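Hi there,

Here is the structure I promised to pass on to you. My notes on it follow below.

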Amino acid sequence: MHFTRAKAGAAVLAKFMELKRVVTVSKDSNFGSFSMTKTTEAKALLRLWVSFKEDKWVTRELVRGLLGKLGFWIENLWSLEIVGLVLRQKLKVEEKSKDLGFQLWRKKRKNINKKLGMEASKKTEQQLIIEEWNGSSSTKLFKTAIITVSPTLEIHRSVNRFNHVWRRILDAFVPEGFQDSVTPDYVPFQVWDSLQGLSTYIRTMLSTQALLSAIGVGEKSATIIGATFQWFLRDLTGMLGGILFTFYQGSNLDSNAKMWRLVADLMNDLGMLMDLLSPLFPSAFIFIVCLGSLSRSFTGVASGATRAALTQHFALQNNAADISAKEGSQETMATMIGMALGMLLARITTENPVAIWFSFLSLTMFHMYANYKAVRCLALDSLNFERSSILLQHFIETGQVLSPKQVSTMEPVLPLWTTLRLSKSAKLLHTDVKLGLRVSSLDHLEMANLLNSARPFYRKAKYLLVERKGIVSVIMHKDSSAADTLKSYIHALVMANLMDEKRSLHLESQSWMDKQYEIFIHKLKSSGWKTERLLSPSIIWKADWYGESLDEKND
C-alpha cells in the first residue's frame, strides 16, 4: 500500500500553521530523493526535514503528525481491504448457496420427471388402440385404420384407396346398408331384372327404327302433319288403355305382384312386336301401332304398381325410398348400355330384315327367360290366395309350415300355368273359394241355409260362409277388420278341403278353427310370414246382421 507525498506535505504544513510558525522555503533548494515540486506545502515539509537538527521539537511534532496520518490512512485502507475480503467471501458464499440451491432444484426436478416417466410407462404398458371405421350407417361400416397410442403413435392402414373409391361408386347403385338393409332375394332379382332391361332397350332401337320407317321418315311423299297425327293416335290409345287397365285390375296388382310383373313384361314384348310388324302392313298401320301402344300401356301400369309392392318387400329397415332411388340408378345405367348396343345393332342390321328379326326374336326369348328367373327368385313373405292355400294344405297334411323360400318355388306365376298344373296335380284350394259375396245374389234356398248356419256358428263372427255349387263363398261384415278377413279366408279354405268327405261342413270346419287356427297362425309367424293382413282385391260387397227376438217384434 502507498500514498502520495504531496498529500503528506500538505498535512505537515497544516500542522505548522496550527503552531503559528511561518516556514520560508527556497525554490532553488535540492530536495534529495524527494523530487516533488508540485505544491509549496510539500517543499516546506522537505525543508523542515533537512533542518531537523536545529529544531527537535518541530521534527518530533512533524514525525508524530506524519505517523498519525499514516496510521489513519493505513487503518482505513486495511478496513477497506477487510470489507472487500468480507464482501468477496459473502459473494462466494451466496454463489455457492445459489449453486447448491440450483443443484438441489435440478435434482428434485429430475426425481419428479423420473416419477412421471415411471407413471407414464405404467400407463403405456396397456396400449390404447383406436380403430377407424368408415360408412354412413352402422350396418355399412368397414375398418380403414388402426391407431396404436404407445410411447410412439402408430397408424396401420387396413384398406387401400382403390377399395374405398369402389365402395363410393357402388353406393350410387345399391341401397344404404347393403346387404343388411334388404332381403336375401334382392340381389338375384336385380341381376335378372337388369339383364331383361338391357335386352329391352336393345330391342327398343330396332322397333323404333321400324316404326319411324313405317311413318315415312326419309321419304319425300311423307308429310309432317300426317306423321304427327299418327303419333298422336298412338299415344292417345296408350293413355286410354292405361286408365282402363287401372280401373279393372288396379286393386289386384298388389296381391299378385309376381304374376303381374311377368305379365307386364310379356305385354311389353307384344307391343314391340306390333311396332316391328307395322311396316309390313301399311294399310293396317294405324291399327297395329295403336294395338302396340295399348299393350305397352298395360305394361306401364302393371310394372309400376308391382315395383312398388316389391320395393316394400325388399325394405327391411323402412328404406323403400332409398331402394327405389337406387333401382332408378341401376335402370338408368342399363338404359345407357342398352341404347349404345342397340344403336350398334341397328347400324349392323340396316336393310337386312332377316338379321333384324333374328336379333329381335333372340333377344325376346332371352327377355322372357330373364323375367321368369327374376320372378322365381322372389320369396315374398306376405299372404295372398295362392300362398295361403299352399301353406294350409301342407299344414293339414304334415302339421308343419313351409318357409317363404319353399313356397316361392311352388306357387304359380301365371293363370295359364295354374290351369296346366291343375290338370296334372291336386287342385289348389283357393280356386274353390270366393271372397266377398253379394247377399242379394243368393236364391231362396241358399238364403235359408245361410240363416240356419249363421245362428249357431257365426253369431259372434265377422263373416258368414256359404257353400253353393262346390264353391265356398265368404260374406264379410261391414265392420270386419284385416284380421277378420284373413281368418274368414282360412276358414273357407278349411271348408273347401272338407267338401269331398261328405260331412257337415260348418260343424267340422268350425271345430278345426277352434283347435288349430291359433296354432297355424303362430307357426306362420315363427316361419317369417306376415300375418297382419291378407293381400286380396278390394272387397266391395259386405253385409250386416243382428238378432231380434220375436217378443220384441210383436210389441
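**Salt bridges and what else turned up**

Arg-533 has a relative accessible area of 44% and counts as partly exposed (buried means under 20%, exposed over 50%, and partly exposed in between, with a 1.4 Å probe and protein chains only). Before going on, please note that this is a predicted model, where local features need pLDDT of at least 70 and side-chain atom pairs count only at pLDDT 80 or more, while totals for chains, interfaces and linings use all residues. Residues are numbered from 1 along each chain as its sequence is written, and side-chain values use heavy atoms, with hydrogens and water left out.

Arg-533 forms a salt bridge with Asp-254, at 4.0 Å from N to O (a salt bridge is a side-chain nitrogen of Lys or Arg within 4 Å of a carboxyl oxygen of Asp or Glu). Arg-533 sits in strand β8 and Asp-254 in the loop between α6 (224–249) and α7, so the pair ties together parts that are 279 residues apart in sequence. Asp-254 is partly exposed too, at 37% relative accessible area.

The whole structure has 11 salt bridges. One of them joins Asp-235 to Arg-234, with the closest N and O atoms 3.5 Å apart; Asp-235 is partly exposed at 31%, whereas Arg-234 is buried at 12%. Another joins Lys-326 to Asp-322 at 3.2 Å between the closest N and O atoms. These two residues are four apart in helix α9, about one helical turn, and both are buried. There is also a network of salt bridges linking Asp-193, Arg-261, Arg-307 and Glu-327.

**Overall picture**

The protein has 17 helices and nine strands (DSSP runs numbered from the N terminus: helices are H or I with at least four residues, strands are E with at least two). Of its 555 residues, 35% are buried. The accessible surface is about 34700 Å², and 61% of that belongs to carbon and sulfur atoms (areas come from the Shrake-Rupley method with a 1.4 Å probe; for residues, only the protein chains shown count as cover).

**Cores and α11**

The largest nonpolar core has 36 residues, and Leu-391, Val-474, Ile-490, Phe-520 and Leu-524 touch the most other members (a nonpolar core is a set of buried Ala, Val, Leu, Ile, Met, Phe, Trp, Tyr and Cys residues joined through side-chain atoms within 4.5 Å). Which helix gives the most to this core? It is α15, with nine residues. A second, separate core of 13 residues includes Tyr-186, Leu-310, Ala-320 and Leu-378.

Leu-391 is among the buried residues of α11. Leaving out residues up to four places away in sequence, Leu-391 touches partners including Val-401, Phe-520 and Trp-529 (contact means heavy atoms within 4.5 Å). The elements covering the buried residues of α11 include α7, α15, α16 and β8 (530–534). After α11 comes Gly-399, with a positive phi near 80°.

**A nonpolar patch**

Met-333, Met-336, Ile-337, Leu-341, Leu-344 and Ile-348 make a nonpolar surface patch of about 560 Å² (patches are made of residues with over 30% relative accessible area and no salt bridge, like charges being joined within 9 Å and nonpolar side chains (Val, Leu, Ile, Met, Phe, Trp, Tyr) within 5 Å). Ile-348 belongs to helix α9 (residues 320–348) and is exposed, at 61% relative accessible area.
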